[in-house]
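I opened my notebook to record, step by step, what I looked up in one model.

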Amino acid sequence: MNLESYFKRIGFNGPFDKPDLETLKNVHKQHTLSIPFENLSIHCGERITMDLEFIYTKIVRSNRGGWCCENNLLFSWVLKEMGYNYTTLGSRVYNSFKKEFNPRETHLINKVIIDGKEYIADVSYGVSGQIRHPLELISGKDQPQLPGVFRLVEESGVWTLQKTGRKPLIPNESFTSSDLLNKSITKKLYCFTLTPRGVDHFLETIQFLQTSPESLFTHKSICSLQTPTGFRALVGWTYSEVTYNHQEGIDLFEMNDIPNDEIDKVLKEKFGVVLKNKLTPINNKACYTI
């Protein structure tokens, strides 16, 4: 496991001798632009683990992506190697169907302290909820980024991440009512406390996420990658390219279904992902929006 190899994987060429905010911002952004958020292993007959060396080999050496427990665990190793003061936290994702936060802490994030200030680093939420830079851990402060305005709100020790975005423009009329779209301008993403979490805290959860019929990840094959102007996503057979602020106050969602025999080509050309095992795409109805 080599930090320079990780930097090459994400295309980071800057100095990293000083664990400051500017360096963290640059590495964080490059990770999101280079490494996909994806759960394809579940639908390729592969097992997802929280073994750090296995994750490093998968993401850095084999040019794959991963979900939060892989990407953000790898990023915690990066933070450690770079000399940052960090803590791993667990968060509960908001279920927009049920209008409540899920009971399990399924989303792993990192808190970083720099010069006495606290920040949330999260390189693996994916799609429109992905932050490009760490967010300052301060309640009620609007923090504008390319995807929209992010906001952390604290109440009784529980922090909630919110995002205010823009209206979607969907040229392909067959997708205007797609359950992959959340047309709410302001939405909740997840909530968390500042209680430190170790790897063991997530072991039962990742087993549930990749095997249970109650897990959204068993119902949808997902691959998404941030771009300089928006993001790309492949959910089942539906491929989307999103351009933020295509028009003032409007995000452009270009969505199309692709043939089964073009899946591998799209994964390679749009996400840089080449799978060793055969993917079985799936897109059943579940609480997941891009």
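My entries below go from the sheet to the aromatic rings.

I note that this is a predicted model, where local features need pLDDT of at least 70 and side-chain atom pairs count only at pLDDT 80 or more, while totals for chains, interfaces and linings use all residues. Residues are numbered from 1 along each chain as its sequence is written, and side-chain values use heavy atoms, with hydrogens and water left out.

**The sheet.** I looked up the strands (DSSP runs of E, at least two residues, numbered from the N terminus) and found an open sheet of six, in the order 1-12-13-14-15-10 with mixed pairing; strands pair if DSSP finds at least two bridges between them. Strand 1 (37–38) and strand 10 (167–169) each have a single partner strand, so one side of each is left without a neighbour in the sheet. Strand 13 (residues 230–235) and strand 14 (residues 238–247) run antiparallel and are joined by six bridges, and A233 has S240 in strand 14 as its bridge partner.

**The rings.** I searched the whole structure for aromatic pairs (Phe, Tyr or Trp rings, the six-membered one for Trp, with centres within 6.5 Å; planes under 30 degrees apart are stacked, over 60 edge-to-face, the rest tilted) and found twelve. One of them is the tilted pair of F37 and F217, at 6.4 Å centre to centre and 50° between the planes. F37 lies in strand 1 and F217 in the loop between helix 5 (200–211) and strand 12, so the pair ties together parts that are 180 residues apart in sequence. I then checked burial (buried is under 20% relative accessible area, exposed over 50%, partly exposed in between, with a 1.4 Å probe and protein chains only): F37 is buried at 8%, and F217 is buried at 12%.

How values were computed: Helices (H or I, at least four residues) and strands (E, at least two) are DSSP runs, numbered from the N terminus.
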